[in-house]
Amino acid sequence: KSNRKMHPQDTVININGVEIGGKRLTIMAGPCSVEGEEQIVGIAKYVKEQGARILRGGAWKPRTSPYAFQGLKADGLKLLNKAKTQTQMPIISEITNPAHIEMFMDMVDIFQVGARNMQNFEILKELGKTNKPVLIKRGFANTYEELLMSAEYVMSGGNEEVILCERGIRTSENYTRNTLDISAIPALKKLSHLPVIVDPSHAAGLHWMVEPLSMAAIAAGADGLILEVHNDPKNALCDGAQSLTYKSFKRTMEKLRLIANAV
Ligand code: PEP
Ligand code: MN
């Protein structure tokens, strides 16, 4: 059912008037992790002012090291909702455990399935029983077909609102954190009718490369972007090196407006 042949027209997902897919670009922005009330509310207000329409923020963080910051967990979701009350922005946050789905149902507007969980079929099957959109990130060693099969796990449960996300893959290059696979955009758009969102932040791992990769992704046909933005990247608890500052986010949005429809 993710197959374009069975469903020629593009899927457009609508979250209280905010569309994903369709004619306008959708920019999701926010910190890697929710760190505190002032931080998340401040970032939400700023990115909204600059044209972002969905707020991202991790509460459960799948970190490579168990000693790294693991997220504020349920408190993080509460703080995201404070930001939502003040900005009316829909929330996207990563789900790492099927047992959390019930709690997330009241707290988020889009479930994010992280690259590391792209083939966590138990999470995918449970999300298929919900009625909220699911953004699935491509695993860093997974093929397009495997990503589409993961989408199928959600859709076959009855939830058709799936968003595909390219966030970079592992290659022999290690200058960047990952390698943004630009080919994924036209390929996924050809194979599937689902919206395709690109995450240049995790692809690059370098804040200064986020803007050019954003431009490339939009030029290649992406329906939107998910960008990490932080009020103080140097002191961020997670992914500071790839986070845009307020100033660089503003400039990236201005550049995107030159090539894309009404960001
Ligand atoms: C994130 O969005 O902060 C994240 C952990 O992304 P990924 O799953 O793509 O690594
Ligand atoms: Mn991150």
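1. Let's start with helix H8. Its buried residues pack against helix H6 (184-191), strand E9 (196-198), helix H7 (200-204), strand E10 (224-228) and helix H9 (246-259). Contact here means that the C-beta atoms of two residues, placed from the backbone, lie within 7 Å. Helices (H or I, at least four residues) and strands (E, at least two) are DSSP runs, numbered from the N terminus. A word on the source: this is a predicted model, where local features need pLDDT of at least 70 and side-chain atom pairs count only at pLDDT 80 or more, while totals for chains, interfaces and linings use all residues. Residues are numbered from 1 along each chain as its sequence is written, and chains are lettered from A and ligands numbered from 1 in the order in which they are written.

2. Which residues of H8 are buried? In this helix, residues 207-219, they are His-207, Val-210, Glu-211, Leu-213, Ser-214, Ala-217 and Ile-218. Buried means 20 or more other C-beta atoms within 10 Å of the residue's own, exposed means 12 or fewer, and partly exposed is in between, with C-beta atoms placed from the backbone. Just after H8 comes Gly-221, with a positive phi of about 110°.

3. Now for H8 and H9 as a pair. Their axes are 10 Å apart and the packing angle is about 20°, so the two helices are roughly parallel to each other. Axes are lines fitted to C-alpha atoms, for helices over the stretch in contact, and angles run from 0 to 180 degrees between N-to-C directions. Roughly parallel covers angles under 35 degrees, roughly antiparallel those over 145, roughly perpendicular 65 to 115, and oblique the rest. H8 passes H9 in a right-handed crossing. On the H8 side the contact uses His-207, Val-210, Glu-211, Ser-214, Met-215, Ile-218 and Ala-219, and on the H9 side Ser-248, Thr-252, Lys-255, Leu-256 and Ile-259. By class, that contact has 6 nonpolar, 4 polar and 2 charged residues. Ala, Val, Leu, Ile, Met, Phe, Trp, Tyr, Cys and Pro count as nonpolar, Asp, Glu, Lys and Arg as charged, and the others, Gly among them, as polar.

4. Another helix pair is H1 (residues 37-49) with H2, whose axes come within 9 Å and cross at roughly 35°. The crossing is right-handed, a term for the near helix being turned clockwise from the far one by less than a right angle, with anticlockwise giving left-handed. Glu-37, Ile-40, Val-41, Ala-44, Lys-45 and Lys-48 of H1 meet Leu-79, Leu-80, Lys-82, Ala-83, Gln-86 and Thr-87 of H2. This contact divides into 6 nonpolar, 2 polar and 4 charged residues.

5. Take a look at Met-28 in strand E3 (residues 26-30). Met-28 counts as buried because it has 27 C-beta neighbours inside 10 Å. Leaving out residues up to four places away in sequence, Met-28 touches Ala-52, Ile-54, Arg-56, Ile-92, Gly-224, Leu-225 and Ile-226.

6. Most residues other than glycine have a negative phi. Asn-16, however, has a positive phi near 45° and lies in the loop between strand E1 (13-15) and strand E2 (18-20). Asn-16 counts as exposed, because it has 8 C-beta neighbours inside 10 Å. Gln-88 also has a positive phi, near 65°, and sits in the loop between helix H2 (74-87) and strand E5 (91-94).
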